[in-house]
Every structure is written in structure tokens, then in C-alpha cells.
2 protein chains.
Amino acid sequence: MKFHRRGKSTCVFEQMPVLVSAAAVVGPREGKGPLGAEFDMVYSTTLLGEASWEKAESKMLRQAVDLALAKANLDESDIDFLIAGDLLNQIISSAYMAREYDIPFLGIYGACATMSEGIGIGSLLVAGRFARYVIVASSSHHDAAERQFRYPTEFGHQRPPTGQWTATAAGAVVVGVKGKGPRVEAVTIGRVQDLGVSEPNDMGSAMAPGFADTVWRHLQDMARKPEDYDLVLSGDLGRIGSLIGRQLLRNKGIVIDEIHQDAGVMLYDPSPEVGAGGSGCGCVASVFSGKLWKELYNRQYRRILLVATGALHSPTACQQGESIPCVAHAVSIVSE
Amino acid sequence: MKFHRRGKSTCVFEQMPVLVSAAAVVGPREGKGPLGAEFDMVYSTTLLGEASWEKAESKMLRQAVDLALAKANLDESDIDFLIAGDLLNQIISSAYMAREYDIPFLGIYGACATMSEGIGIGSLLVAGRFARYVIVASSSHHDAAERQFRYPTEFGHQRPPTGQWTATAAGAVVVGVKGKGPRVEAVTIGRVQDLGVSEPNDMGSAMAPGFADTVWRHLQDMARKPEDYDLVLSGDLGRIGSLIGRQLLRNKGIVIDEIHQDAGVMLYDPSPEVGAGGSGCGCVASVFSGKLWKELYNRQYRRILLVATGALHSPTACQQGESIPCVAHAVSIVSE
């Protein structure tokens with residue numbers, strides 16, 4: 001029996017699923033950042049004309065889905081699965097978004113690793129010939145996340161330099177069996193790692209071991225070296241987690257410093273508020289969907305490794321003295 | 001290009017994935033219920049010797065996974081994916097469980113529909129030849145859910161007769177490419193439905209439209225009638241949601257009354273506390289893993305339709321005046 005696997009942990013595709021379109025919608029702070037011009041829509045307020053931040057997040061996610069569908073010249077009846085997840089309890093941004101579409105819905109949760117978990121599952125469903133087209137979407141919203149995970153948003157609590165700023169952003173990608181666009185050649189789903197970091201204001205450090213483990217496994221499985229990739233895009237280790245992640249890989253003889261970038265570092269100009277960088281499911285989702293997809297489409301890159309990283313704790317777990325487990329999923333994407 | 005699909009929404013398998021083992025672990029109330037003797041482990045307290053209910057839930061889930069692996073005579077190195085989800089915010093029961101295994105982890109969220117979402121995804125990965133074995137697990141814990149979703153658990157708030165009792169239970173199933181056991185022949189992933197029910201103490205009514213829609217779509221896609229199934233097992237509509245679900249199907253000319261059972265009704269003897277029946281991801285997970293898997297294995301049923309149903313709201317969404325969207329996923333399982 002033939003399996004579409006290589007090494008211990010990686011699924012590989014003979015007929016590669018195509019990322020036929022991508023769209024990104026962001027809030028005002030993200031629009032003013034270095035990538036502002038890359039996004040399809042920039043809102044001038046974080047409420048988006050809605051009555052709550054939670055409803056605003058769901059709307060943003062819906063708009064990313066609508067835009068990705070429109071760019072692919074598809075409508076919802078063409079889509080076999082809608083895969084989505086976000087940071088809010090019970091992933092309500094995704095559920096209330098999915099309510100608006102007549103598409104079979106798979107809810108996922110991988111914290112900030114959600115986008116690559118979704119692109120991974122979507123690619124597997126397309127490559128397995130269970131779907132012609134799948135749409136994958138993920139979001140986060142700073143104001144909604146802040147009051148859920150930390151303090152009342154209006155309080156504006158001061159965070160340490162290791163803290164990260166949850167992005168108000170959504171991204172969506174259409175994965176299809178055919179079409180023009182970047183192609184997914186392999187997926188490495190990560191294992192949950194926990195090196196004992198228990199400080200929720202230092203998620204980059206907590207997530208770095210997951211990142212290093214998945215990148216290492218992917219390279220082992222594919223029998224490749226870092227130089228086989230033009231870019232390793234993590235999301236969202238931030239400045240501190242990036243240093244730790246690279247060091248952990250260096251300890252295993254893998255040097256990615258030249259080709260590594262982090263979505264959390266890319267999204268904002270440095271500021272005390274932003275701290276170590278951006279975070280949240282929407283951060284890497286919007287950076288990939290807004291910027292990287294286009295650059296792959298235009299063949300500015302030949303091959304990239306998208307490695308979204310998630311911290312799998314909750315406030316309740318941290319209050320109970322638990323450390324922060326993390327996971328990272330890698331998707332290898334090549335230009336046409 | 002050939003796709004493994006039938007009708008608009010259903011994936012079908014030529015080489016059917018096998019449910020090679022199943023295990024269920026429950027709390028004291030579930031152990032004293034009508035199915036008590038069916039479960040692999042029954043705990044005498046809801047703390048399981050842990051320091052918190054949340055840690056207890058994660059432990060219960062881990063034990064279900066360990067037991068399912070042991071029964072299948074497999075160890076973690078044989079398993080290509082661990083798919084799990086639960087009701088707690090950020091699915092921490094699953095994340096902290098997954099930390100204990102060296103298996104690639106896919107976190108999912110489908111509320112009480114999680115088990116059939118997981119068996120669905122697991123079957124697709126196995127049938128697509130991306131995995132030899134996948135383990136799927138899901139749990140809920142009454143005391144942990146109560147304080148997260150409603151009131152302090154110790155308060156013991158009185159619920160209306162439409163209310164449902166979150167089960168303290170976990171179930172796990174190993175899906176494999178080969179072996180002895182019941183086989184998955186088709187999967188119908190549901191669309192999110194919302195008929196405007198906004199009362200979180202009446203989740204059965206909120207979930208009934210999702211159940212009816214998915215059963216209807218499945219039968220349409222497969223060109224089958226209810227009599228082609230020996231059992232339609234919903235989970236967890238409870239007594240009231242079951243009546244509504246059947247009526248919604250009857251309105252479409254589909255009568256399932258004779259063959260329909262609900263995991264939430266099966267799990268407990270009627271009592272004012274239990275209300276309309278059990279609920280929670282662990283309810284249908286434990287009823288299927290503890291009872292139905294064995295009955296399929298022993299060929300007491302020829303073909304069943306497992307239809308786990310989930311209410312996709314959150315306390316925050318309800319406080320903001322939102323109604324309760326729901327989803328149901330159907331898995332058609334045949335005995336060997």
C-alpha cells in the first residue's frame with residue numbers, strides 16, 4: 001500500500017494543491033504598519049461599524065473569505081469545505097462567520113498556528129481528492145483578545161518588552177485542485193512541545209521549541225537543508241522567540257538566520273506597545289495572505305516554508321500553574 | 001479527475017478506514033447511569049485525584065487515548081495524527097493531553113459535534129493514504145464546563161427542564177487503514193445552521209436544525225432511506241431536541257423515529273438535575289466508544305449513522321444577544 005508520506009512526520013503531494021487566491025483584511029494599527037499597502041482592506045476603527053469587537057472580528061473574517069472567493073472567481077457553491085479557527089473562546093468568530101455560508105464547516109483550534117493547520121488540512125483534503133476547492137480562514141482581534149485573555153481592554157495595561165500585540169487581522173486562502181498560483185508540496189504537522197515557560201507575557205519564548213522541532217523534522221523528513229528554501233516564515237515568534245527558535249535550531253546544526261522572517265516582526269514598526277511583535281491567529285494569516293501569496297505568485301520566491309506557531313494555554317491553565325504548551329505546523333509552498 | 005465524493009456534501013471511501021479500537025472513561029454519575037457497565041473506566045470522584053477539574057478532564061482524555069492504543073496493540077510511534085478537541089476555552093484538555101504524546105497534533109473545535117468531526121477528518125486522512133493510523137479523542141467535564149459556561153459549580157444552579165447535563169466523560173477511537181473492526185464508509189460534514197434559538201439552557205432545540213439538515217443531506221447524497229440504517233445515533237440533542245429534530249426531518253418526508261437514539265438520552269436515567277439529557281463533547285464520544293463500537297464489532301448492527309451535533313455559541317456571544325448556531329457531522333459506519 002502506498003502512502004503519501006516522507007520521513008516520519010511529513011505528507012507529500014504528487015499532484016500539488018494550488019493556493020488559487022488569498023485575501024487579507026486588517027484594522028487601523030496594522031494598516032499603518034510597514035505592510036499596510038499589502039492588505040486588501042484596512043479598517044479605520046477596530047469596531048468595523050459593529051456593536052462589539054467580537055462581532056467585528058467575525059465580520060473581518062467574513063470579508064476575507066468573500067474577497068478570497070471573489071479573487072478566485074468562485075462562489076460558495078464551488079467550495080467543498082470551509083476550515084476556520086480563531087482565538088476567541090469556542091472559536092465564535094469562525095462559527096458566526098460560517099453561519100453565513102452554505103459550505104460544510106470544519107472548526108479548528110491551533111492558537112496562532114491555526115492558519116498553517118488549516119492550509120495543511122485543506123491541502124490534504126484536496127490532494128486526497130475529497131474536495132475540489134477548500135477555503136481556509138483565520139482571524140484575531142486585539143481588543144476582543146485583550147479582554148478575554150488579559151485585562152479590560154480600556155485599561156490598556158502596560159506589558160513587558162517580551163509581550164506581543166494581538167493583531168486585528170484576518171486572512172483567507174482558497175486551496176484548489178487546479179488553477180494558477182503557488183502550490184503546496186508538503187505538510188508537516190507538529191507535535192506539542194513544552195519546555196516549561198509559564199509566562200503568558202512571553203509567548204515567543206514558549207513557542208520557539210515548537211517552531212524549532214517542526215522545522216527540524218520537516219528538513220529531516222524531506223532530506224533538505226535550509227538553503228533549499230528562500231524563506232522560512234514563522235508566525236508569531238516575535239523578536240525574542242525568533243532569537244530562541246534560531247538558537248534551538250543552531251544547536252541541532254541548522255542555521256536559518258539568513259532566510260528566516262517572522263510575521264509578528266514584519267507586521268508592525270517597533271514600539272513599546274507592540275513589544276516583541278505581533279501575535280494572534282490573524283497575524284501570520286494576514287501577512288501570508290496579504291504579502292507572501294502575491295510574492296509567490298509573482299515568483300519572487302521559489303520555495304518557502306510557512307511555519308505558524310501556536311501557544312496552547314488558556315488563562316485558566318496559567319492560573320492553575322501550568323506551563324505553556326506549543327505547536328507549530330509547517331507547509332512547504334513553491335511558486336508555479 | 002476522480003473525486004471520492006457522492007452528491008453535494010458527502011465523501012465516500014472505496015477502501016474503508018477501520019475503527020480498530022475504542023475506549024471510554026467516565027465520571028461517577030455516568031458510571032451509575034444505564035450504560036455504566038459499558039465503560040472501560042469509571043472514576044469515583046470528578047477530580048480523579050488531580051488538583052483541578054480541568055486537569056482531571058485532561059487526565060481522563062489521556063486515559064481514553066492510552067486505553068484505545070493498548071486495545072489496538074499500538075503505541076504512539078505507530079500513530080500518524082492525534083486529533084482532539086473539547087469544550088474548555090482554547091481546548092486545553094486536548095492540548096495538555098497532546099503534550100504527553102510524541103504524535104503530530106490537530107486541534108479541532110466543534111462543541112459536542114467534535115467526535116464526529118474528528119472521526120470524519122481521521123477517516124479522510126487514512127482513506128487519502130496520508131496516515132496508517134490516526135487516534136481521535138474528545139472529552140467534557142461537568143464541573144469544569146459548569147463554571148466556565150454558567151455559574152460557579154458549587155452554586156449548583158437550578159436549570160430548566162430543557163437544560164442538559166454536561167457529561168464527565170472521554171472517548172477515543174483509533175482509525176486505521178487495516179485491521180478488524182467497524183468500517184467508515186462515508187462522511188458528511190455539516191453546514192452551520194441557525195434558526196434563532198438564543199436560550200443556552202435549551203441547546204437541544206438549537207442543535208436540532210443542524211441534525212436534521214445533515215441527516216437529510218447525507219440520505220440525499222447516498223440516495224438512501226432511513227431503513228438503510230439500523231440506527232441513527234445523535235449526540236446530544238437530549239429529549240426535547242430529539243423530538244424537534246425528528247419533526248424537522250418528518251417535514252421533509254423522512255421518518256427516523258424507529259431507528260433514532262440520542263447519546264444524551266442514553267447516558268443518564270431521567271432526573272430533574274439531568275433535565276433533557278446529557279451533553280458535552282464527552283457524551284457522544286463515550287457512548288459511541290463505550291457501547292456502539294462494541295455492538296458494531298459484534299455485528300449487532302449492520303450500519304449506523306453517527307451524527308454528533310454541536311452548539312457553536314459562547315457565553316460572550318449569548319451576552320451580546322446572538323442566537324446559537326449549530327452544526328452536525330454524520331459518519332456512516334458499517335460492521336465488518
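Q: How many helices and strands does chain A have?
A: The model is predicted, and its secondary structure is read from that model. For chain A the secondary structure comes to ten helices and 15 strands.

Q: What radius of gyration does chain A have, and what does the globule rule give for 336 residues?
A: The C-alpha atoms of chain A fill a box of roughly 55 × 50 × 35 Å along the principal axes. Chain A is as compact as a globular protein of its length, because its radius of gyration is close to the value from the globule rule. The two values are 18 Å for chain A and 20 Å from the rule.

Q: What percentage of the contacts in chain A between residues at least 6 apart in sequence join residues at least 24 apart?
A: Of the 336 residues in chain A, 65% are buried. Among the contacts between residues at least 6 apart in sequence, the share that joins residues at least 24 apart is 79%.

Q: Which element gives the most residues to the side of domain 1 of chain A that touches domain 2 of chain A?
A: The domain assignment gives domain 1 as residues 5-176 and domain 2 as residues 185-334, and their centres are 17 Å apart over C-alpha atoms. The contact takes 56 residues from domain 1 and 58 residues from domain 2 of chain A. Elements giving two or more residues on the domain 1 side include strand E3 (18-26), strand E7 (133-140) and helix H5 (142-149) of chain A. The element that gives the most, with eight residues, is H4(A).

Q: How do the residues of the side of domain 1 of chain A that touches domain 2 of chain A divide by class?
A: The domain 1 side of this contact has 56 residues. They divide into 29 nonpolar, 19 polar and eight charged.

Q: Which element gives the most to the side of chain A that touches chain B?
A: In the contact between the chains, 55 residues of chain A meet 55 residues of chain B. Helix H2 (53-71), helix H3 (92-98) and helix H10 (315-319) of chain A are among the elements that each supply at least two residues. By class, the chain A side has 29 nonpolar, 14 polar and twelve charged residues. The element that gives the most, with five residues, is H4(A).

Q: What distance separates the end C-alpha atoms of helix H4 of chain A?
A: H4(A) is mostly covered, with 14 of its 14 residues buried. Just after H4(A), A:Arg129 takes a positive phi of about 65°. At 1.5 Å a residue, the 14 residues of H4(A) (114-127) should span 20 Å, so the end-to-end distance agrees with expectation at 20 Å.

Q: Is B:Tyr43 buried or exposed?
A: B:Tyr43 is found in the loop between strand E4 (41-42) and helix H2 (53-71) of chain B. Beyond its neighbours within four places in sequence, B:Tyr43 is in contact with B:Gly27, B:Pro28 and B:Leu48. Because 21 other C-beta atoms lie within 10 Å, B:Tyr43 is buried.

Q: Which residues have the most contacts inside the largest nonpolar core?
A: In soluble globular proteins, nonpolar side chains tend to be buried together. The largest nonpolar core here has 250 residues. Leaving out residues up to four places away in sequence, B:Ala68 touches residues including B:Ala22, B:Ile135 and B:Val173. Those with the most contacts inside the core are A:Ala64, A:Ala68, B:Ala64 and B:Ala68.

Definitions and conventions:
Residues are numbered from 1 along each chain as its sequence is written. Chains are lettered from A and ligands numbered from 1 in the order in which they are written. This is a predicted model: local features need pLDDT of at least 70, side-chain atom pairs count only at pLDDT 80 or more; totals for chains, interfaces and linings use all residues. Helices (H or I, at least four residues) and strands (E, at least two) are DSSP runs, numbered from the N terminus. The expected span of a helix is 1.5 Å times one less than its number of residues. A residue is buried if 20 or more other C-beta atoms lie within 10 Å of its own, exposed if 12 or fewer, and partly exposed in between; C-beta atoms are placed from the backbone. The radius of gyration is taken over C-alpha atoms; the globule rule is 2.2 Å times the number of residues to the power 0.38. Two residues are in contact if their C-beta atoms, placed from the backbone, lie within 7 Å. Domain bounds come from an automatic or database domain assignment. Ala, Val, Leu, Ile, Met, Phe, Trp, Tyr, Cys and Pro count as nonpolar, Asp, Glu, Lys and Arg as charged, and the others, Gly among them, as polar. A nonpolar core is a set of buried Ala, Val, Leu, Ile, Met, Phe, Trp, Tyr and Cys residues joined through C-beta atoms within 7 Å.
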